[in-house]
Amino acid sequence: SYIPNDPETGQLAYMLLKRHIVTSGYALVMISEYIYDTEFNIECTQPSVDGMCWNNGKNVDADAVRVVFEKIRTNSLVHDVKFDYNTMAIMGYSVGAQTVSRMINDFPTMKTSSNASMPTILGGIMIGGGSYHCYEYPTNTPPKNFRPCARWDMSCCPTDKTEDNYDNGVLSDHPPMILLQSDKDMYAAWEASLNYFNILSSRNLE
């Protein structure tokens, strides 16, 4: 059906981007959401799905990713289609941008459903989002490292955090990133991409 060129959500532009990826010869694998506008990536632990908590990797999103990548690794995701498991980039829009950050942090230590290594993420694209630490403080009194913040009602993003494993020196060689966001984002913290960019740039990273 007709897809409007909606300036509030960018539906048409996003669809054309995905079409371009496919017609350029790349496999595009998309994972649906368990609940609308909800992905489990925030650094917290609680059983309720409303909290969007990563729960140390014990959540429905992580379980789905483990199964999907095992199928990609064994070429059983699509009949008669072989994937290059070691040539992979990741992209996320809105809440999916924070999931990109989460996967960059956790893929090096995660395993597939059959306990094989996850592929190396060679690059990431974040659209309208940033670090998985965004939105950890859904009130108007976040800690100082989450300020300044243009819109308290949207919650905020940290000025000094990307991913814990890279921030703390556990991992090195952060994947190169492409960051896209309006400076008057209607549905996300305006500083998400800018803060993430500034942190990586301060470390002389791409």
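1. Cys157 is buried, at a relative accessible area of 2%, where buried means under 20% relative accessible area, exposed over 50%, and partly exposed in between (1.4 Å probe, protein chains only). Its partner in a disulfide (a pair of cysteine sulfur atoms within 2.5 Å) is Cys134, with the sulfur atoms 2.1 Å apart. Cys134 is likewise counted as buried, at 1% relative accessibility.

2. This is a predicted model, in which local features need pLDDT of at least 70 and side-chain atom pairs count only at pLDDT 80 or more, while totals for chains, interfaces and linings use all residues. Residues are numbered from 1 along each chain as its sequence is written, and side-chain values use heavy atoms, with hydrogens and water left out.

3. The link of Cys134 and Cys157 is right-handed, with 120° about the S-S bond. Both cysteines lie in the loop between β2 (121-127) and α4 (164-167), so the pair ties together parts that are 23 residues apart in sequence. Helices (H or I, at least four residues) and strands (E, at least two) are DSSP runs, numbered from the N terminus.

4. The structure holds 3 disulfides. One of them joins Cys149 to Cys156, with an S to S distance of 2.0 Å; this link is left-handed, at -95° about the S-S bond, and both Cys149 and Cys156 are buried.

5. Cys44 is joined to Cys53, S to S 2.0 Å, in a left-handed link with -105° about the S-S bond. Cys44 is partly exposed, with a relative accessible area of 25%, whereas Cys53 is buried at 1%.

6. With the bonded cysteines of the chain numbered in sequence order, the pairing reads 1-2, 3-6, 4-5.
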